[in-house]
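Here are my notes for someone opening this structure for the first time. Keep the 3D view at hand and go through the points in order.

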Amino acid sequence: MPTASRRDVFKAMLAGAAMAPLSTLAAPVPACRGDAPSWRRGIEGQRQADLGDGTFLNPIVAGDRPDPTVLKDGADYYMAFSSFLSYPGIVIWHSTDLVNWAPVGPALHRELGTVWALDLCKHGDRYYVYLPANPGDRGWKIFAIWADDIRGPWSDPVDLGIDGCIDPGHVVGEDGRRYLFVNGIRKVRLTDDGLATDGELEHAYSPWRYPDDWVTENFAPEGPKLTWRNGWLYLVTAVGGTAGPVTGHMVIAARSRSVHGPWEHCPHNPLVRTRSVDEPWWSRGHATLVEGPAGDGWMVYHGYENGYRTLGRQTLLEPIEWTGDGWFRATGGDLSRPLPKPSGGRAGPSGFALSDDFSTDRFGVQWCFHDPRPRERARVVRDGDGLLLAGAGSSPADSPPLTCVVGDRAYQAEAGLDVPAGGEGGLLLFYNHKAFVGLGFTADTVKSFQYAEEQAWARTRHRGGKLRVRLTNDGNVVTWHYSHDGGRTWTRHDTRMEVSGLHHNVFGGFLSLKVGLYSAGAVPIRITDFAYRALASP
């Protein structure tokens, strides 16, 4: 199609036009066979929790969405997650049934370093996010941001002066005062506006201890989430460590008549715990209790998918039942099978397309810089029918890439690149600057990145000009192709790469393996489009 615009080609490709670069992905995704879980397929073939028959299959939000915090606001639900080193960060998601979730937009735009487990809450008519961050890697602090409309704009972060703490959880006590609980488990009183402390940090609760012979990462009491019900204040806590052995992370609970205690341990502790490597979800924990649309009880937490730690910690939903003695139990089991959806809800949008022709600004929702430096966003300019990405650093090892979260076991991702003389850029699977793989291109050379460094021996020449590069990740085995004719013919890169080890238990950081685009040359590259399609699970 020599006379067609690049955008016309992209639109034809998304429509499944013949000979388009991802035309092989347009075929229906076959259902899984035997006892394997079978998800419904949504946008771009991405797996969807809502099975369309009154049931759902976890995860409710696939991909790296850890430490979920959930707010019920009338008939609406809002959820946010740890955003770590991705900026813009703290994307707010919306649902009306607890199963189907779609992003609203990012709440945090100012870089604060890595951002861990936060708390989304509403007090009066104002929304708050309490978040722990480590600015400049100089120590943890608790910040607050607020908005009068949950869709924003959100305020700049306010430093609450709570140093050395993580995992804030907000609650209003029986005395009408506001408090934050933090890891430990400790608490501090807040001022009435929730934007400063009004007292000293103090011990609040000594969590239930599991038997000493259980295999866990460490005790690590964290993630306190609090909710009132029938005159009792319930405190839900994570212990056992969030990664490490699959049997470590767990959910425990306690209750009290007062925010000041005394607390009694739940007799059903632990309420949730992975007990075997044979279960589909590992290291399950860090829960928030939430009331369903019909008034029943649910628990939202995270876990690693068996065999796919590379996807990060994904968001899971499990029913609970309240017992006659005022306690509750988790009733979902190991989550390997579909569960009945919460009653009374209304299904809304689920997920969003990752394919992007760069005609609109999708920063924060889809695209984020990893660990950006000040004014990093200035590297990006939307220009006509593409995106100009200025170079930084000398390779993916020291250049902050644009990244997006993926949530499928198998997928293809593809980008159109225009790399002029003096430029360098390419497509990556990126965990951090010490753990990535990918293909890079200069005007005449193909570079191969494996083991977080260029394999100089594998350099090859290419004929220059505009090109397309494609990765196929099939169960953590990655195959690379590139094309000089718009995807009509492809050259397969000689090296296939196995990436199942690129995850937190090896490299730390609590991150996931994301698709990334990098630019490291002296001249900006142009990214003409990005396309994504899920494949059948291996």
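1. Is Glu 424 buried or exposed? Glu 424 is buried, with a relative accessible area of 7%. (Buried means under 20% relative accessible area, exposed over 50%, and partly exposed in between, using a 1.4 Å probe and protein chains only.) Glu 424 forms a salt bridge with Lys 447, and the closest N and O atoms are 3.0 Å apart. Lys 447 lies in strand E35 (residues 445–450) and Glu 424 in the loop between strand E32 (410–418) and strand E33 (425–432), so the pair ties together parts that are 23 residues apart in sequence. Lys 447 is buried as well, at 11%. (Strands, E, of at least two residues and helices, H or I, of at least four are DSSP runs, numbered from the N terminus.)

2. Before going on, a word on what you are looking at. This is a predicted model, in which local features need pLDDT of at least 70 and side-chain atom pairs count only at pLDDT 80 or more, while totals for chains, interfaces and linings use all residues. Residues are numbered from 1 along each chain as its sequence is written, and side-chain values use heavy atoms, with hydrogens and water left out.

3. Back to salt bridges: the whole structure has 28 of them. (The term stands for a side-chain nitrogen of Lys or Arg within 4 Å of a carboxyl oxygen of Asp or Glu.) Take Lys 122 and Asp 73, whose closest N and O atoms are 3.0 Å apart. This pair links distant parts of the chain, with Lys 122 in strand E10 (residues 119–123) and Asp 73 in strand E4 (residues 69–73), 49 residues apart. Lys 122 is partly exposed at 32% relative accessible area, whereas Asp 73 is buried at 17%.

4. Another one to click on is Glu 376 with Arg 373, where the closest N and O atoms are 3.2 Å apart. Glu 376 counts as buried at 4% relative accessibility, but Arg 373 is partly exposed at 37%. There is also a network of salt bridges that links Arg 177, Arg 189, Asp 192 and Asp 198.

5. What does the record say about residues 355–522? An unreviewed UniProt entry annotates them as "domain: Beta-xylosidase C-terminal Concanavalin A-like". (UniProt positions are given in the numbering used here, feature names are shortened, and annotations may be inferred rather than shown by experiment.) In the model, this stretch is 2% helix and 43% strand, and its end C-alpha atoms are 27 Å apart.

6. Now the strands. An open sheet of four strands runs in the order E23-E24-E25-E26, with antiparallel pairing. (Two strands pair if DSSP finds at least two bridges between them.) At the edges sit strand E23 (281–291) and strand E26 (328–330), each pairing on one side only. Seven bridges join E23 to strand E24 (residues 297–305), and Gly 285 has His 302 in E24 as its bridge partner.

7. For a hairpin, look at E14 and E15, which have five residues between them. In the turn, Gly 176 has a positive phi of about 80°. Strand E14 (residues 169–172) and strand E15 (residues 178–182) run antiparallel and are joined by four bridges; in E15, Leu 180 stands opposite His 170.

8. Aromatic rings next: the structure holds 24 aromatic pairs. (Rings of Phe, Tyr and Trp, the last by its six-membered ring, pair if their centres lie within 6.5 Å; planes under 30 degrees apart count as stacked, over 60 as edge-to-face and the rest as tilted.) The ring centres of Trp 116 and Trp 140 are 4.3 Å apart and the planes are at 40°, so this pair is tilted. Trp 116 is partly exposed at 21%, while Trp 140 is buried at 18%. Tyr 234 and Trp 327 make an edge-to-face pair, 6.2 Å centre to centre with 80° between the planes. These two are 93 residues apart, and both are buried.

9. Finally, some charges over rings. The charged end of Arg 178 sits over the ring of Tyr 128, 4.4 Å from its centre. Arg 377 does likewise over the ring of Phe 363, at 4.1 Å from the centre. (The rule is that NZ of Lys or CZ of Arg is within 6 Å of the ring centre and within 35 degrees of the ring normal.)
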